[in-house]
Amino acid sequence: MLLAALQPLPWQQTIWRSLVHVERTQRLSHAFIFTGPAGIGKYHLASVYARYLLCERVPAELLETACGACQNCRLMQANTHPDYHLLEPQDQSKVIKIDQIRQLTSDLSKTAMLSGRRVVVIQPAEAMNEAAANALLKSLEEPGAATVFLLVTHQLSLLPVTIRSRCQCVRLAAPTEAIGFAWLQRQWSECQISLTPEQQLAVWGLAGSVPLIALQWTQQDVLPLLEATRGFAQDLIALQQKKCMPLPCVVRWQKSDFSFTLITAWLMRWMQDWLKLLEGLDVSCLSCPHLASLWRPWLAKVTMHQIIIFLDDVSKIRQQQQKQQALNETLLLENLLIGWSSSTH
Ligand SMILES: [Zn+2]
């Protein structure tokens with residue numbers, strides 16, 4: 001990610017000032033949970049704060065961010081700071097395992113290498129399995145001298161209450177559309193990512209107005225993303241018109257590079273766009289305006305009733321996804337598309 005490593009994002013300024021304030025006034029908590037929607041820069045803020053907490057700057061200088069020049073800052077820059085611990089799922093695993101927490105506990109039982117603070121970032125914190133979370137509890141209860149934990153999660157409810165109750169919760173909000181999109185356009189310009197205005201709006205809409213997700217997608221060629229989503233949209237129309245069968249669509253969708261969670265998020269946004277178009281709203285009100293020309297002629301023959309039933313089916317799947325239940329995605333997608341293709345007026 002090509003973000004300034006020492007600076008919080010523009011929409012994090014208020015929270016940043018309060019984080020700096022608690023450190024300056026020696027009221028620093030030993031554990032924070034940074035929470036809020038996915039893709040708004042929670043991990044970025046935790047990393048920036050970790051650098052700030054480890055920086056050796058003279059307090060009298062009252063710097064607002066890490067200096068970027070001292071020994072600690074240089075070690076952080078080189079990813080070799082001995083008192084900074086980043087725990088995240090390793091290799092292909094989606095889980096933070098107990099062995100990782102045991103290693104951390106062992107490291108924390110020793111004296112800090114640089115005789116200053118130690119900072120632990122756990123991201124995403126909900127990736128800790130039950131055993132790992134239980135093992136972490138002890139460290140949270142007896143954190144040791146000058147150790148600060150920064151847990152990052154967009155699914156706070158999945159963290160055990162015992163962990164949550166030992167941390168100070170920092171809730172981060174998504175930027176407004178205007179601030180988020182303006183920031184994204186600056187990043188595109190600085191990274192020399194060249195997109196047409198239509199592509200910019202398409203990516204912004206598909207990313208659900210979430211700036212870091214949109215930026216990540218555009219760091220590689222966006223054409224496959226745009227083509228794939230247009231393909232999903234065309235399949236939805238063809239299914240409803242009974243011009244294609246559901247099962248080949250299921251196979252095609254599952255072969256795409258996009259997760260089922262992302263696909264259901266797109267379906268929700270598109271259905272909301274359909275409803276807006278049926279109500280006669282302007283294209284500028286849509287999440288994904290680039291698909292309007294595809295939807296418009298087709299929507300003339302679709303009823304609100306059909307859309308609401310489909311919306312209901314997708315929302316039920318979204319609820320299950322948010323609970324992180326183990327889902328049979330193939331079966332769910334098959335049922336969903338069979339239901340949609342057999343819906344009648
Ligand atoms: Zn520094």
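**Note on the parallel sheet and the nonpolar core**

1. In this predicted model, five strands make up an open sheet with parallel pairing, in the order β2-β3-β4-β1-β5. Its edges are β2 (84-87) and β5, each of which pairs on one side only. From one strand to the next, the twist averages 15°.

2. Within the sheet, strand β1 (residues 31-35) pairs with strand β4 (residues 147-153) in the parallel sense, over five bridges. Phe32 has Leu150 of β4 as its bridge partner.

3. Two helices that pack on the sheet deserve mention. Helix α2 touches β1, β2, β3 (118-122) and β4, and its direction makes about 170° with that of β4. Helix α4 (residues 98-109) touches β2, β3 and β4, with a direction at about 170° to that of β2.

4. The largest nonpolar core comprises 78 residues, and Ile122 and Leu150 have the most contacts inside it. Helix α2 (residues 42-54) supplies the largest share of this core, nine residues. The core lies between domain 1 (10-171) and domain 2 (221-341), because both give residues to it. Neighbours within four places in sequence aside, Ile122 is in contact with Leu87, Ile96, Met128, Phe149, Leu151 and Val152.

5. Val170 is located in strand β5 (residues 168-171). This residue counts as buried because 22 other C-beta atoms lie within 10 Å, the threshold being 20 or more. Apart from neighbours within four places in sequence, Val170 is in contact with Ile15, Phe32, Ile33 and Phe34. Val152 lies 18 residues from Val170 along the chain, and their C-alpha atoms are separated by 9.6 Å.

Note on methods. Residues numbered from 1 in each chain as written. Predicted model: local features only at pLDDT ≥ 70, side-chain atom pairs only at ≥ 80, totals over all residues. Helix = DSSP H or I, 4+ residues; strand = E, 2+ residues; numbered from the N terminus. Buried ≥ 20, exposed ≤ 12 C-beta atoms within 10 Å, placed from the backbone. Contact = placed C-beta atoms within 7 Å. Core = buried A, V, L, I, M, F, W, Y, C linked by C-beta atoms within 7 Å. Domains from an automatic or database assignment. Pairing = 2+ DSSP bridges. Axes fitted to C-alpha atoms, helices over the stretch in contact; angles between N-to-C directions.
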